[in-house]
Amino acid sequence: MKQIEGSRAIAETVALCRPEVICAYPITPQTHIVEALSEIVKAGELDPCAFINVESEFAALSVAIGASAAGSRAYTATASQGLLYMTEALYNAAGLGLPIVMTLGTRAIGAPINIWNDHSDAMALRDAGWIQLFAESNQEAADLHVTAFRLAEELSVPVMVCVDGFILTHAFEPVDIATQADVDAFLPPFVPREVLDPADPITIGALVGPEAFTEVKVLAHQRMRRAIDRIPALASEFAARFGRTSGALVRSYRTLEADTVVVALGSVSGTIQEVVDAMRDEGQAVGSVSVVTFRPFPFAAVRQALKHALRVVVIEKNLAIGMRGVLAADVREALGVEAPPVHTVIAGLGGRGITSTSLHRVIGEAHTGTLELEHFLDLDRPTVVRATAKELSR
Amino acid sequence: MSAEQPIKFYQTGTFTVGNRLLSLEKRTVQASIGRSNALTSGHRACQGCGEALGARYVLDAAMRATKGRLVAVNATGCLEVFSTPYPESAWQVAWLHSLFGNAAAVASGVAAAFRMKGSDVRVLAQGGDGGTMDIGFGCLSGMFERNDDVLYVCYDNEAYMNTGVQRSSATPAGARTSTTPAVGGDPGNGFGTGKNLPVLAMAHGIPYVATASVADLHDLEAKVERAMAVHGARYLHVHVPCPLGWGSDPAKTIQVARLAVESGLFPLFEAEHGDVVRSTPIRRRVAVDSYLRLQTRFAHLLDGSVAGAEAIARIQVIADKNVARYGLAFTETDVELP
């Protein structure tokens, strides 16, 4: 165990995965990860590995695409605007089936510009064809990268490890960094599905017309859905070797006989679990479910985890403007027509703290049936009312 | 059968494929049956496509220079579309297409991967003027300044031909495109716009920058060979007429390309580490209108109007400036002795 910053734990673990090409463009709060990796590479501790400083996130992922297509294990990291600037390349990497692993230090998207944590970035690119795993703690953030490379390379699907910006990336926690021997035993060398090789020249990235485009997309869909089976299997294998789990579809906490179940992604799950404990002590039948694998969405696992819930409260750090919360919509889809009420609680946007006091109140309201279906946690309502009146008076 | 075929009487005098009057080592790679045919026949380029011709010569020359140890990265554009309609591919070289604007960065990644593997495989990236000079310029500049071991080849046909002849930053002044129509007081593409990418490449101080034309395929091949003889970032800008977009006769692609060179509108030169080291003097200088009149994209300037004549005079000034700037004026000392 080391008392270590989340970013450093991620960087050291990524290095243990022996990437051959790392490229990055700096963006808060991803910077500490790539700074640490540049130091590891420059010190010769990860050899052979090229660390490439590029001129944009679009280039960062493009360099990774080239490296991966040439048969190298490739890694990059980004956040927020950087992820959006990569958008075209994200779809391309997935479409070409390149098993790139990327850390996303989740952060809000402007305008207004904001460097703090929420999940707007990850949600915006949820349909780009990348597997998305959300870390609850720094231990999990580090370990998920080992699983991510294995999963990506087995399936030829890129993986995004979503780590809450600042809350995890900049927090110091005790983390058990894996040993090189254990990582090498868990993660075999990268054998690409197809590769650029002058001895066996192939064309990668051809133009596909209406006669075959759907089939190509269905195959990608199936490959991605295969992760639903592989993630629990890899979690077991990881546990057997490392003595702790890494990755899951969902993780339930005290959901047995819980009438109200709270669903969330990422680091806020820890706070939610504390609130669940407190409310259980008060005799309220509440539990929580943390969604670790967001893409592919684990419909069956979510349905199973929520099957006894009389009401569901989704705490989510994103707002799909003009719609609601993205996670709540997916949870409703998983629950089907017989679904209990699913409340959307939009919380923590742009880094606003999600306190146990506020969670306690909102979960309590849901439990007693007084919570509306769309709720904004700790909203400064007078300000909104005043600004609305001003807008409407123009 | 020998790799080099003997000359037949009726083949003498040709400027194009083979040129079998030359000694073996001076012949183009296309004269050899040992050529790689990296871009092979059967692709879907238009008749008289300058880009297809240029790409074929560039790739085969690069394949010869690297003894076949080459990977090509292609930007989105005509070259990519006409060569790879799934399930067909015209490429007999390991070939990767990712996006429109990222070919240079993808090539950097491929080069890094091979370097890490200790491999001798070299990387060539290619794209049109739009993919290179406009949407791909950021990635290209990044590849240049990092001095990554990539030869980037731009096939410049002076507009977005794949999407229907829209203006790019390579479109010459006065030219009509589908987004710079020949209407109004200043018809066609405006004067004083556009960018000189070879000069911008030179400003990065990279080891090698050259311009070439499909009018002189020997020169084009020689520049590819010189580019492959050095490591680091290299840039080759090839002028390739587009009969469809330029409104020129598909049978006259070489002639049009040659007139661009001979008028001084497309200067041929080489630069090393930011300085011009060689340029090709124009032996038979022609006025710009002899080049312009073979292309309907300039037809509105040649209608006998005063405005048209003024525009042609301004284009002539551009050509004259190139001649002075790159030392293209022919002198007796430029005569090459056999």
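In this predicted model, helix 3 (residues 57–69) and helix 5 (residues 87–95) of chain A pack with their axes 8 Å apart and at an angle of about 15°. Angles under 35 degrees count as roughly parallel, and helix 3 and helix 5 of chain A are therefore described as roughly parallel to each other. Their crossing is left-handed. On the side of helix 3 of chain A, the contact is formed by A:Phe58, A:Leu61, A:Ser62 and A:Ile65, which meet A:Ala89, A:Leu90, A:Asn92 and A:Ala93 of helix 5 of chain A. By class, this contact has 6 nonpolar residues, 2 polar residues and no charged ones.

A second pair of helices in chain A may be described in the same terms. Two packed helices are described by the angle between their axes and the distance between the axes. For helix 7 (residues 138–155) and helix 10 (residues 227–242) of chain A, the angle is about 140° and the axes are 11 Å apart. This angle makes helix 7 of chain A oblique to helix 10 of chain A, and the crossing of the two is right-handed. Helix 7 of chain A contributes A:Thr147, A:Arg150, A:Leu151, A:Glu154 and A:Leu155 to the contact, while helix 10 of chain A contributes A:Ala227, A:Arg230, A:Ile231, A:Leu234 and A:Phe238. These residues divide into 6 nonpolar, 1 polar and 3 charged.

Attention now turns to chain B. Strand 1 of chain B has 5 of its 5 residues buried, so it is largely enclosed by the rest of the structure. In a regular strand the side chains alternate between the two faces of the sheet. Here B:Leu70, B:Ala72 and B:Asn74 point one way, B:Val71 and B:Val73 point the other way, and all are buried. Strand 1 of chain B runs parallel to strand 3 (residues 122–128) of chain B, to which 5 bridges join it, and it pairs in the parallel sense with strand 2 of chain B over 4 bridges. B:Asn74 stands opposite B:Gln126 in strand 3 of chain B and opposite B:His97 in strand 2 of chain B.

Finally, the two chains meet. In total, 36 residues of chain B are in contact with 37 residues of chain A. Strand 1 (70–74), strand 2 (94–97), helix 3 (103–116) and helix 5 (137–145) of chain B each supply at least two residues of the side that touches chain A. The largest share of that side, 11 residues, comes from helix 3 of chain B. By class, the side of chain B that touches chain A has 22 nonpolar, 12 polar and 2 charged residues. Strands also connect the chains: strand 9 (residues 203–204) of chain A and strand 2 of chain B run parallel and are joined by 2 bridges, with A:Ile204 standing opposite B:Leu96.

Key. Residues are numbered from 1 along each chain as its sequence is written. Chains are lettered from A and ligands numbered from 1 in the order in which they are written. This is a predicted model: local features need pLDDT of at least 70, side-chain atom pairs count only at pLDDT 80 or more; totals for chains, interfaces and linings use all residues. Two residues are in contact if their C-beta atoms, placed from the backbone, lie within 7 Å. Ala, Val, Leu, Ile, Met, Phe, Trp, Tyr, Cys and Pro count as nonpolar, Asp, Glu, Lys and Arg as charged, and the others, Gly among them, as polar. Two strands pair if DSSP finds at least two bridges between them. Axes are lines fitted to C-alpha atoms, for helices over the stretch in contact, and angles run from 0 to 180 degrees between N-to-C directions. Angles under 35 degrees count as roughly parallel, over 145 as roughly antiparallel, 65 to 115 as roughly perpendicular and the rest as oblique. A crossing is left-handed if the near helix is turned anticlockwise from the far one by less than a right angle, and right-handed if clockwise. A residue is buried if 20 or more other C-beta atoms lie within 10 Å of its own, exposed if 12 or fewer, and partly exposed in between; C-beta atoms are placed from the backbone.
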